[in-house]
Amino acid sequence: MPGSVPANGVATWPKDVGIIAMEVYIPSQYVEQSELETFDGVDAGKYTIGLGQARMGFCTDREDINSLCLTVVQRLMERNCLSYDSIGRLEVGTETIIDKSKSVKTVLMQLFEESGNTDVEGIDTTNACYGGTAALFNAVNWVESSSWDGRYALVVSGDIAVYATGGARPTGGAGAVAMLVGPNAPLAFDRGLRGTHMQHAYDFYKPDMVSEYPVVDGKLSIQCYLSALDRCYAVYRNKINAQWQREGVDKRFNLEDFGYMIFHSPYCKLVQKSLARLLLNDFLSHPNPNTDSGLYSGLEAFRDVKAEDTYFDRDVEKAFLKASAQMFEQKTKASLLVSNQNGNMYTPSVYGCLASVLAQHTAQQLAGQRVGVFSYGSGFAATLYSIRITQDATPDSALEKLVASLSDLQARLDSRMKVSPAVFAENMKLREKTHHLANYVPQSSVEELFPGTWYLTRVDEKHRRQYSRRSLNDDAPLEAGLVTSTTTNEHIPSPAKKIPRMPATTAGPAVVSMTNGDH
C-alpha cells in the first residue's frame, strides 16, 4: 500500500527522485514563419534566421489553458496505463490566467472523479515562464518530504503564448507538458544542485486583466535573461564544486561536464547565444585559460571584460558563438526541435526542450549523462539545475520506456495542418475579441483537432466553461466528454509499474460533461 511504513518500521529517504514519464501536447495547426515574414512585410530571414524559428503553433478559440492541460494529463495517464488513484499531488504551472480565483488544477480534478480520488495536494503556480519549474520543484520536494504518502506527483505545465500585431508576435506558440514524478526515476534530480536568482524588473508582464497580450520591453528582457543566467550558473558552479570537494573530486566544474545543456527558449537564437554566454563565464572564471589552442583559442582580447558590460557587445557575442559552435551542436541543438517547430510555449518551453533531447537520442546515448537545465520567467525568477540520467539503458528499462514514449515527437509535429498567415491572423483577432466573453459558443471547427484533444464547447452566462473530448479514433464520432477507463489498452508499458500504487476503482467508464464550474 503506498505510503505505508516499511515492515521494519524505519522510514527510508526516497532514492533518485525525478521524472518517470513525460507527455507533450502541441496544437494541431501552425503557420510557417517564412510566410509570416512576407505577410508582415518584413525582410526575409527576420523570423527564420534572426529569431531561429521555422514554424509557430497556435490555438483557435476551441482551446484554452484548461483544455490543453486536460488533454496532456489524460494522454499521459492513458499511455502509461496509470490509475488516477496513484496520484497524490497535482500541480499546474501556467501564466495563462482565465480565472483570477479558480485554478486549472481544480478543473483537472474532473478527470479523477471516476476513481473517487480527491486526496490530491497541489495547486497552480504562477510567475511568467518559471511556473512550471516551481511546480516541478514542489513535486520533487513533496516526494522527498515527510508529507509524502508513497504516491506519484503529477506536474502540468501549459500556456498559450500570443502577442499583439508587431515584432513580438512571431515569438508566440502554445502547448503543454505533463511529467510524472516519483522515486527510482530514470531522470533523477541532482540533490542540492540548484542555482537560483530572483529580482524585480518590468521586462515582461501582463497588467491588463482583459487582454491575453503582455507588455514587453524586449531589450530589458534579454538583459534580465542573460544576467539571470550568469548569476544562476555562478551559484550552481559554487555548489557543485563544494560538493565535489567534499567527495574528494579534484577538479573545477565547467560547461564540458554537462552532457546536454537546455534552456528556456523564447526563440532559438537566444538559446544559442546563451550557451555561448556560459562559455564566456567559464572563460572569465578560469584561473589560467589557454588562448593559444583549444576551446579558448583566439579569445585573449576578452580576458579582462566584465560580464555585466557584455549583454549587447557584438564582438564578445560573435567570438563566443564561434568558440561554442561545436559544443552547441553536441549539447544543445537537439533540444530545440519543439521550440523551432512550435514556438515559445512559455512554462512548458524548457520541458519541451528536454522532451526533444529524449526524442532524438537512444537510451544508450543518454545513459549516465548530466543534463543542465536553465529555467527563466520574466519579472524575474530563474534557476539553473541539473538532472542525472540513469545508467540503466537495458531493454524494458525505465529509461528505454521513457525514450520510446517520446519517439514519435517529430511525427506529431509533421502531422499538423499548415494554415496561411491570413488565417492565423483571423484566429488571433477572434481570440482577442472573444477569449473573455460570457455566454459564448466557440466558432472554430473541431475537425482539425488531434484525436483525444479536449476542447471548449461553450462558456455560459456565468463564465462557467464546458468541454468535450475528440474521439481517440479518427473514424469515430466526437465524444461528449468521455472519461476513459483506467483499464484502457496500454500503448507503452509504464516504468511507474515498478512502484506500488493504490488499487484502481472497479467502476466502469462514465460519460460526463466537463466544466470549470458546477458539475
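Biologist: Fine. What kind of model is this?

Modeller: This is a predicted model.

Biologist: How many helices and strands are there in the protein?

Modeller: The protein has 14 helices and 19 strands.

Biologist: And how much of it is buried?

Modeller: Of the 519 residues, 58% are buried. The accessible surface is about 21,100 Å², and carbon and sulfur atoms contribute 50% of that. Counting contacts with a separation of 6 or more, 74% are between residues 24 or more positions apart.

Biologist: On to the sheet. What is the strand order in the open sheet of 9 strands?

Modeller: The order is β5-β4-β6-β7-β1-β8-β13-β12-β11, and the pairing is mixed. The edge strands are β5, residues 124–125, and β11, each of which pairs on one side only.

Biologist: What does β11 pair with, and in which sense?

Modeller: β11 pairs with β12, residues 370–377, in the parallel sense over 4 bridges. Tyr260 has Val371 of β12 as its bridge partner.

Biologist: Which way do the β11 side chains point?

Modeller: Tyr260 and Ile262 point one way, Met261 and Phe263 the other, and all of these are buried.

Biologist: Changing topic: how many salt bridges does a search of the whole structure find?

Modeller: The search finds 24. One of the pairs is Glu32 with Arg55, whose closest N and O atoms are 3.2 Å apart. Glu32 sits in β2 and Arg55 in β3, 23 residues apart, so the pair links distant parts of the chain.

Biologist: Are Glu32 and Arg55 buried or exposed?

Modeller: Glu32 and Arg55 are both buried.

Biologist: What about Glu35, which residue does its side chain meet?

Modeller: Glu35 meets Lys418 in a salt bridge, 2.9 Å from N to O. Glu35 is in helix α1 and Lys418 in strand β14, so this pair ties together parts that are 383 residues apart in sequence.

Biologist: How accessible are those two?

Modeller: Glu35 has a relative accessibility of 29% and counts as partly exposed. Lys418 is partly exposed as well, with a relative accessible area of 43%.

Biologist: And Arg89, what does it form a salt bridge with?

Modeller: Arg89 forms one with Glu121, the closest N and O atoms being 3.6 Å apart. Arg89 lies in β4 and Glu121 in the loop between α3 and β5, so parts 32 residues apart in sequence are tied together. Arg89 counts as buried at 13% relative accessibility, whereas Glu121 is partly exposed at 37%.

Biologist: Which residues are linked in a network of salt bridges?

Modeller: Glu23, Arg75, Arg79, Asp408 and Arg412 are linked that way.

Biologist: Where is the place of Arg470?

Modeller: Arg470 is in the loop between β16 and β17.

Biologist: Why is Arg470 called buried?

Modeller: Its relative accessible area is 9%, and buried means under 20%. A polar atom of the Arg470 side chain lies 2.5 Å from the backbone oxygen of Leu449.

Biologist: Now α12. Why is it described as largely enclosed by the rest of the structure?

Modeller: The reason is that 6 of the 8 residues of α12, residues 398–405, are buried. They are Ala398, Leu399, Lys401, Leu402, Val403 and Ser405.

Biologist: Last one: where is Met428, and what does it touch?

Modeller: Met428 is in helix α14, residues 421–434, and is buried with a relative accessible area of 3%. Leaving aside residues up to four places away in sequence, Met428 touches Phe58, Cys59, Val162, Arg169 and Tyr213. Met428 and Thr165 are 263 residues apart in sequence, with their C-alpha atoms 9.0 Å apart in space.

Notes: Residues numbered from 1 in each chain as written. Predicted model: local features only at pLDDT ≥ 70, side-chain atom pairs only at ≥ 80, totals over all residues. Heavy atoms only, no water. Helix = DSSP H or I, 4+ residues; strand = E, 2+ residues; numbered from the N terminus. Buried < 20%, exposed > 50% of the residue type's maximum accessible area, 1.4 Å probe, protein only. Contact = heavy atoms within 4.5 Å. Areas by Shrake-Rupley, 256 points an atom, 1.4 Å probe, with all protein chains shown as cover. Pairing = 2+ DSSP bridges. Polar contact = N/O pair within 3.5 Å; in protein donor to acceptor, adjacent residues only side chain to side chain. Salt bridge = Lys/Arg side-chain N within 4 Å of Asp/Glu carboxyl O.
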